[in-house]
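Visitor: Could you walk me through a few features of this model?
Guide: Gladly; let us look at it together.

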Amino acid sequence: MEIALRGIGVSPGIAIGPALTFGVKGLEIPKFTIDNVQEELARFEHALTAVRADLQRLYDRTNDALGPQHADIFKAHLMFLEDVTLREEIERRVAEEKLNAEYLVNDLMTRYTDVMASLDDPMFRERAQDMVDVGNRILTKLLNVDVENLEHLAQPSVVVAHDLSPSDAAKIDLVNTLGIATDLSGPTSHTAILARAFEIPAVVGLKYVGTYTQPGDTVIVDGKNGNVIIRPTESTLLRYQEAKRRADSSRKALLEAEVKPSVTLDGRKIPILANIELPVELSYSKKANAEGIGLYRTEYLFLNRTTLPTEDEQFNAYVEVAEAFKGSPVVLRTLDLGGDKFASHLQLANEMNPQLGWRAIRFCLERPDIFKAQLRAMFRASVHGDVQIMFPLISGLDELLRVKAIVREVCNDLERRGVPFRKDVAVGSMIEVPSAVEIADLLARECAFFSIGTNDLIQYSLAVDRVNEKIAHMYEPAHPAVLRMIQRTAKAARDARIPCSICGEMAGDPTFTELLVGLGITSFSMSAVAIPAVRAEVTSLRASHARKFAKSVLKVGSIREIRENMSERYSLRHADEAQTETFPLTGIETDSELR
């Protein structure tokens, strides 16, 4: 029976393959008395040494692939391993109780993690997960058993798991992992970050994919739409196979085609830039011929670690990106934590409505120590390239003026201390809440540029939580209200003679390209994987025709009619190509039905 699940698509693309079900096997922990204490302590010490070597290897591999900020999680694991209290507790109990080490390790870990996991503070809950990871490593060494690992897959597979620990994700076989589907995790997990960085289609937050998947089952992962289909029917399989074949063929052709300047047929330049989260993505952006970085999500320097990044650490990360795209714009977005992105060491409280809560620029304004350190790092990096700085979730003019006052303080401080930086760094605002659209004319007077963050703008304007499976279908980029807000924002920017970019998921959908150009968008920024198709779209349209098309669309009130118009225009330009596929789940078996 075909089972279809909807989760959170965290890395676009379609993967089809046999399932490799993954999870820590239940370890049978024996309990027995020992005769020789010294031998048992030596066995325990030998296990610690082996785990220490494994963790150091993981640190080195992650550091090479993703940089030190993401490798730090394994430093934390090493700290657990070296914990004197843990070691002394085991040694004492071995000597006093004459019990085997694996039983005592398991007993101690269970008690620790039960206590930590029961606490409300998310930092302690995360520490409990880290302790489980380290504890399982020690146990497998003591028991001399192999643990499942994803380092070398026997064949190309879709990895299906309840969850992947940081160490599981860090070791994943990048060649044979076709796709990833997990019950848990979110958009900011290690799994999601790695999947996006290495362009592996992935869906997380599926709740039951681990329960309903058997090893070898055919699994489809639709990372764009957040769908996973287990044991698809023949018709579903054929539909997705055809969609994947067309998508792969189209992408191959686009990558191999001569790279044309992103200019419309009637000569309007529309730069296509890349969204990135990690420096490792720079090579993908270069390969896709991005004309700069339109969105560098700097909060990823703060996630999946136990301490704040230093100013110099941030500076080095920004310099790396600026120098990689020297001569091209590099837009650094200031810290956008909160909402669905948490850093446990910052102690962001659980909130009833986190997307409406203490997040992004609101957090930065209340924590000027963190905000100023980041701004200093960004301005210092400005001498290494065309660095621009962008503020997320601006909702009012007073808020923006407070931000600019802090920017001036930072610049004055750098100047007073003789630290080199560019004084002409462009600072701009993201437009992603309806109030910002309403006063876009006022904000434009204080900004060097706008960038429309459509993911949040759609969510806030339509009052739709896009990860809520019950209403996710209402998240609609083609809603007339969304299109009118984009048009109003672009007009305010044009009147103020500042550029207006777009950097949400909508930017990477080529079926929207002509409409967005017609609405007045001056540049696009998106995942590297989407760049070739959108560039091809820009070079195949006329800006004058796009303006007329947008004008006609703004008169339409029906989403269905708008999409039909877009599809018709797209088909006319690509008569010999298939349209971009979207697969709304029909006949989906809901969670309740599955139970």
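Predicted model: local features only at pLDDT ≥ 70, side-chain atom pairs only at ≥ 80, totals over all residues.

Guide: Residues are numbered from 1 along each chain as its sequence is written, and side-chain values use heavy atoms, with hydrogens and water left out.

Visitor: At what angle do α11 and α13 pack?
Guide: Helices are DSSP runs of H or I, at least four residues, and strands are runs of E, at least two, numbered from the N terminus. Axes are lines fitted to C-alpha atoms over the stretch in contact, with angles from 0 to 180 degrees between N-to-C directions. Here α11 (residues 311–324) and α13 (residues 368–381) pack at about 35°, their axes 8 Å apart. The contact (heavy atoms within 4.5 Å) includes F315 and Y318 of α11 and A377 and M378 of α13.

Visitor: Which aromatic pair does Y318 form?
Guide: Rings of Phe, Tyr and Trp (its six-membered ring) pair if their centres lie within 6.5 Å; planes under 30 degrees apart are stacked, over 60 edge-to-face, the rest tilted. Y318 pairs edge-to-face with Y296, at 6.1 Å centre to centre and 85° between the planes. Y296 lies in strand β10 and Y318 in helix α11, so the pair ties together parts 22 residues apart in sequence.
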